[in-house]
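Me: Here is a model I would like to learn to read. Please take me through it feature by feature.

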Amino acid sequence: MYVRLGYVAMSVHLHHCSPSQTMTFRQFTKIKDREAAIRKLERIARSNIENCLRILKHNRAHDIQFFRLSSRLIPLANHEALADWDYLSPLEQPLKEIRKFLSEHPMRIDFHPDHFVVLNTKDVSTLKTSIQALHLHEQLLKRMGIPLKHRCVIHVGGGYEDQEKALEQFIHNWAYVPERIQNLIMLENDDTTFTMSQTLYLCEKLGIPFVFDFHHHEANNGGEIWEEHWERAIQTWNCSPLPMKMHISSPRDEVAFRAHHDYINAEQFYQFLCNVKGSIDQLDCMIEAKQKDEALFRLMHELSSYPNIEVIDQASFHLK
DNA sequence: GCCAGTCAAGTCCCG
DNA sequence: CGGGACTTGACTGGC
């Protein structure tokens, strides 16, 4: 089994290279000259995109072929008070540079829009805002030259006191999601509400790839055994041009179990891989750890001492 | 230069 | 029903 590791949004090795600089709406309103305030937003957004390119180059230098872009690249892009702001035009040039770089050095790039994207809401305006946020991700992907299919992983949404109904609401709302937005989506089991099999129910019904989050599963499984649903998870990727992917993180401690640890528990990850070996040829694993790419490097280092792991490069390996 | 408090959005939980 | 917690990185203001 061929395994590629990826990480999230920013590198702890690159200083002054945040892709998530921001301006709050409060700060925005404090600037008297609205045009000047918008230009400041644009400067921040441009800097964020330029920093993304620096990070991608860093990834390239370290063999990292799998990366999740920050979903906070353009501050206030979806705010209703800035509905008239054409945020994309000023970003054409830096986005084009990313497009050029990725065409020369292909890698898998994903997004994880934040938890304010709720597709199973009953509130029409919340659904509208959610679709708008996904539209923004689509536009960015398009301009970076990244194929759109299955690039945004999101959660199912709220439980609303009746999870069965909440799942049916997702199916209901799905009909109102434009097809090109539908094609962006992957669904992930979450750590408080929807379990692996509940999420799989939607994925199977609607033809959406399922992203298994092992840590979330441990925090919220309703007694389900993941091995019993693993084959179903694999099947949801039949409709995708991309290899199956999953999320890997470790609990910070017993008390803050759901919070992310700085690093990944290598032994636990190794055991997991041994369990799934043979079921698939390739797996992309997104490392969600506070130490970002350093956690990835440390994990690779620890895995390299296992006898049946054959290291290919700094961020991928074969499990024999 | 450091620390505490604050921040668009949604949902959940507590009082 | 109203308000705070949740989560996260980044920014502001006070010292």
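Reply: Just after helix α2, Asp63 has a positive phi of about 65°; helices (H or I, at least four residues) and strands (E, at least two) are DSSP runs numbered from the N terminus. The model is predicted, so local features need pLDDT of at least 70 and side-chain atom pairs count only at pLDDT 80 or more, while totals for chains, interfaces and linings use all residues. Residues are numbered from 1 along each chain as its sequence is written, and side-chain values use heavy atoms, with hydrogens and water left out.

Me: What span does helix α2 reach from its first C-alpha to its last?

Reply: The expected span of a helix is 1.5 Å times one less than its number of residues. Helix α2 (residues 34–61) has 28 residues and reaches 41 Å, close to the expected 40 Å.

Me: How many aromatic pairs are there?

Reply: Rings of Phe, Tyr and Trp (its six-membered ring) pair if their centres lie within 6.5 Å; planes under 30 degrees apart count as stacked, over 60 as edge-to-face and the rest as tilted. The count is 15. In one of them, Phe212 and Phe214 are edge-to-face, 6.2 Å centre to centre with 90° between the planes. Phe214 and Phe272 have ring centres 5.2 Å apart and planes at 65°, so this pair is edge-to-face. Phe214 lies in helix α8 (residues 214–219) and Phe272 in helix α10 (residues 266–276), so the pair ties together parts 58 residues apart in sequence.

Me: Which residues form one aromatic cluster?

Reply: The cluster consists of Phe210, Phe212, Phe214, Trp226, Trp230 and Phe272.

Conventions:
Chains are lettered from A and ligands numbered from 1 in the order in which they are written.
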